[in-house]
Amino acid sequence: ALDIGHDLGRAILNARTFEREHRLVEEFRALDTYKGQLIATVAHELKNPLSSVLGYLEMLESSPDLSGTAKGSLAAMERGAQRMVKVIDDLLLLSKVGDPDNPVIARPVDLRDVVDDVVDLVGLAADQKRIDLRVELPDHPVVALGDADELDRVTANLLSNAVKYTPEGGSVTVRLEHVGAEVVLTCADEGIGISAADRERLGTEFFRSSNPLAISQPGTGLGLAIVRRIVDRHDGRLEIESELGHGSTFRVHLPAA
Ligand code: ADP
């Protein structure tokens with residue numbers, strides 16, 4: 001009788017612990033949803049006044065009788081405001097692709113077209129740093145089911161990071177291939193690399209490495225968070241290999257259409 005009483009006592013205790021943990025998980029979920037809504041609302045509210053500031057700045061910049069100092073100051077203000085627009089747009093996108101009520105509208109996308117678009121976009125920055133940008137695409141379609149704009153964004157964020165975090169004269173490779181039932185987009189660089197401790201935190205909103213070589217580059221720490229969420233909602237996975245000082249390889253695996 002003592003044993004039964006003891007076991008019953010333990011079972012009740014376990015049930016209470018389980019209930020408490022379950023409640024905590026629910027509370028964390030609710031907080032996370034609240035955080036997402038707060039970020040989206042603030043970003044939205046900042047966007048309109050900022051657009052109007054940019055509009056007035058552009059108008060002022062075009063007035064004929066400006067001193068050199070005034071011109072320089074207005075240009076600096078415009079650069080600052082443009083940076084803010086980029087952060088706000090990234091925050092709005094982050095909240096859009098993290099919203100479970102806004103699922104992907106999936107269509108067949110030939111990822112070769114996506115890579116071609118992004119290479120055009122990033123090519124100039126690569127040329128300016130004399131980076132050898134190697135593009136390895138098969139001559140048959142590499143089709144995934146997804147949202148072309150979002151997959152474009154994934155590729156653009158990975159490739160622009162590869163160029164950004166690779167010193168002058170280095171090389172960056174972007175590759176597409178079929179592996180089993182998946183299509184794989186690889187973005188490999190011979191840049192500054194990422195430490196094991198930093199790798200664990202990649203994709204967390206606003207995370208930027210404290211590596212002085214990385215910090216010297218402009219950025220918000222939102223690019224990889226966006227990549228992660230988009231890859232997740234396409235039922236894909238992101239693989240990261242990196243060695244500090246030797247370069248990084250990011251692989252996006254997506255189910256083949
Ligand atoms: P951002 O580049 O705007 O800081 P990201 O979210 O794109 O934000 O990247 C987060 C951090 O991950 C960067 O600050 C950088 O430290 C590191 N990182 C991302 N891609 C690379 C890369 N290809 N090589 C080295 N470090 C990288």
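I began with G221: one of its polar backbone atoms lies 3.1 Å from an oxygen atom of the ligand. This is a predicted model, and I read the distances below with that in mind.

On its own the ligand has 530 Å² of accessible area, and the protein covers 97% of that.

Next I looked up side-chain partners. R208 has a side-chain N or O atom 2.6 Å from an oxygen atom of the ligand. For D189, I found a polar side-chain atom 2.9 Å from a nitrogen atom of the ligand.

I asked where the ligand sits, and found the ligand in the largest pocket.

I noted the shell itself next. The ligand is surrounded by 21 residues. I listed the closest as N161, Y165, R208, T220 and L224.

Which classes do the residues of the shell divide into? I recorded ten nonpolar, eight polar and three charged.

Last, I looked up the confidence values. The chain has an average pLDDT of 93, and 99% of the residues score at least 70. For the model I wrote down an ipTM of 0.98 and a pTM of 0.87.

Definitions and conventions:
Residues are numbered from 1 along each chain as its sequence is written. This is a predicted model: local features need pLDDT of at least 70, side-chain atom pairs count only at pLDDT 80 or more; totals for chains, interfaces and linings use all residues. Side-chain values use heavy atoms; hydrogens and water are left out. A residue is near a molecule or strand if one of its heavy atoms lies within 4 Å of it. A polar contact is a pair of N or O atoms within 3.5 Å; within protein, one must be able to donate a hydrogen and the other to accept it, and residues adjacent in sequence count only if both atoms are side-chain atoms. Accessible areas come from the Shrake-Rupley method with a 1.4 Å probe; for residues, only the protein chains shown count as cover. On a 1 Å grid over the protein atoms alone, a cavity is a set of points where a 1.4 Å probe fits but cannot get out, and a pocket is an open set with protein on both sides within 12 Å along at least five of seven lines; lining residues have an atom within 4 Å of a point. A molecule sits in a cavity or pocket if more than half of its atoms lie within 2 Å of its grid points. Ala, Val, Leu, Ile, Met, Phe, Trp, Tyr, Cys and Pro count as nonpolar, Asp, Glu, Lys and Arg as charged, and the others, Gly among them, as polar. pLDDT is the predictor's confidence in each residue, from 0 to 100.
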